[in-house]
Amino acid sequence: MKKLTLITFLSFFYLTTVNCQVSVSSEGVAPHPAASLDLISTDKGLLIPRIETTADRNSIPADEFSESLLIFNMQTKCFETYIQGDWYPIWCCDAPEKPGEIQGDETVCENETGLVYSIDDDPEEDSYSWTVPTGWSVTSGQNTNEITVTAGTSGGDISVTAENACGESPERTLNVTVESES
């Protein structure tokens, strides 16, 4: 009887360890046959471990058994994986690059209205932030790739930066001079 109990116990242990699959589901759905872990949801996602800094990431005790370890590096805004003794970015959230050249008149008259300045639109950018010289005003188009302005009495720089969810680009500028009405 002891042998039969031991054989039954060992058989059960063998079957449960070889065929171990886990399904995480609020509906109690069985895991997909090809999955070791099957997360099932229609309204939630998988939250990858977030590591605050690259220094914190480097303090993770990684070795040959850590191959394919996955983290999100909050400092670099990158999903990173550990492969063959080093960390590699998989995907990073990058701020936009400096916008292209600003098109528009470089010499204008005092208090001239209806001046248009623009840059090429980029689908990677969500919005644009324009600044104009002191005494000038943006009459339309702020947050777009094209603005209409009214000049002031002195020149200066018209500047634009591009933004997306990952950050802000370096600034692009155009120096504009004002000719006084004489």
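Predicted model: local features only at pLDDT ≥ 70, side-chain atom pairs only at ≥ 80, totals over all residues.
Some ground rules. Local features need pLDDT of at least 70 and side-chain atom pairs count only at pLDDT 80 or more, while totals for chains, interfaces and linings use all residues. Residues are numbered from 1 along each chain as its sequence is written, and side-chain values use heavy atoms, with hydrogens and water left out.

The protein chain has two helices and 14 strands; these are DSSP runs, H or I of at least four residues for helices and E of at least two for strands, numbered from the N terminus. Of its 182 residues, 25% are buried, meaning under 20% relative accessible area with a 1.4 Å probe, protein chains only. Among contacts (heavy atoms within 4.5 Å) with a separation of 6 or more, 42% link residues 24 or more positions apart.

Now strand S11, residues 146-150. Strands pair if DSSP finds at least two bridges between them. S11 runs antiparallel to S8, residues 115-118, with four bridges; Ser118 is partnered with Glu146 there. S11 is also antiparallel to S10, residues 137-140, through three bridges, and Val138 stands opposite Val149. S10 and S11 make a hairpin with five residues between them, where Gly141 has a positive phi of about 95°.

Last, the lining of the largest pocket. A pocket here is an open set of points on a 1 Å grid where a 1.4 Å probe fits, with protein on both sides within 12 Å along at least five of seven lines; lining residues have an atom within 4 Å of a point. The lining includes Val24, Glu27, Asp43 and Lys44.

Technical notes: Buried < 20%, exposed > 50% of the residue type's maximum accessible area, 1.4 Å probe, protein only.
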